[in-house]
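I opened this notebook to record what I looked up in one structure. The entries follow in the order in which I made them.

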Amino acid sequence: MIRTIVTPEKQDISIHIPEKYIGKQIEVLLYAVDELNERENLKNKKPSDFRGTLKLTDEQYDDFQIHIKGIRNEWN
């Protein structure tokens with residue numbers, strides 16, 4: 001496995017594939033490291049940390065609760 005971090009200076013990047021990988025399926029991932037750090041920060045949160053983040057109006061909250069109850073009733 002080869003893993004490296006690069007800082008591109010333009011939109012195009014060329015990679016050299018090792019000979020032992022020729023003819024094999026390989027996986028290429030592209031993401032910004034700071035995006036990964038943001039996701040890691042979310043993993044450390046508890047569900048209660050998200051309380052109030054939707055900022056719903058009273059009407060939206062009531063509609064949401066009706067929807068949730070309907071979904072739960074489908075389980076029965």
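Which residues gather in a patch of negative charge on the surface? I found Asp58, Glu59, Asp62 and Asp63 there. A patch takes residues with over 30% relative accessible area and no salt bridge, and like charges are joined within 9 Å. A salt bridge is a side-chain nitrogen of Lys or Arg within 4 Å of a carboxyl oxygen of Asp or Glu.

I noted that the model is predicted: local features need pLDDT of at least 70, side-chain atom pairs count only at pLDDT 80 or more, and totals for chains, interfaces and linings use all residues. Residues are numbered from 1 along each chain as its sequence is written, and side-chain values use heavy atoms, with hydrogens and water left out.

I then looked up Asp62, which lies in helix 2 (residues 58-74). Asp62 is partly exposed because its relative accessibility is 44%; buried means under 20%, exposed over 50%, and partly exposed in between, with a 1.4 Å probe and protein chains only.

Next I turned to Leu36, in helix 1 (residues 33-43). Leu36 is partly exposed, at 32% relative accessible area. Leu36 and Pro47 are eleven residues apart in sequence and 20 Å apart in space, C-alpha to C-alpha.

Last, I examined the whole chain. The protein chain has two helices and zero strands; helices (H or I, at least four residues) and strands (E, at least two) are DSSP runs. Its radius of gyration is 22 Å, well over the 11 Å that the globule rule gives for 76 residues, so the chain is more spread out than a compact globule. That radius is taken over C-alpha atoms, and the rule is 2.2 Å times the number of residues to the power 0.38.

Methods:
Patches are made of residues with over 30% relative accessible area and no salt bridge: like charges are joined within 9 Å, nonpolar side chains (Val, Leu, Ile, Met, Phe, Trp, Tyr) within 5 Å. Accessible areas come from the Shrake-Rupley method with a 1.4 Å probe; for residues, only the protein chains shown count as cover. Lys and Arg count as positive and Asp and Glu as negative; His and the chain ends are not counted. The place of a charge is taken as NZ of Lys, CZ of Arg, CG of Asp or CD of Glu.
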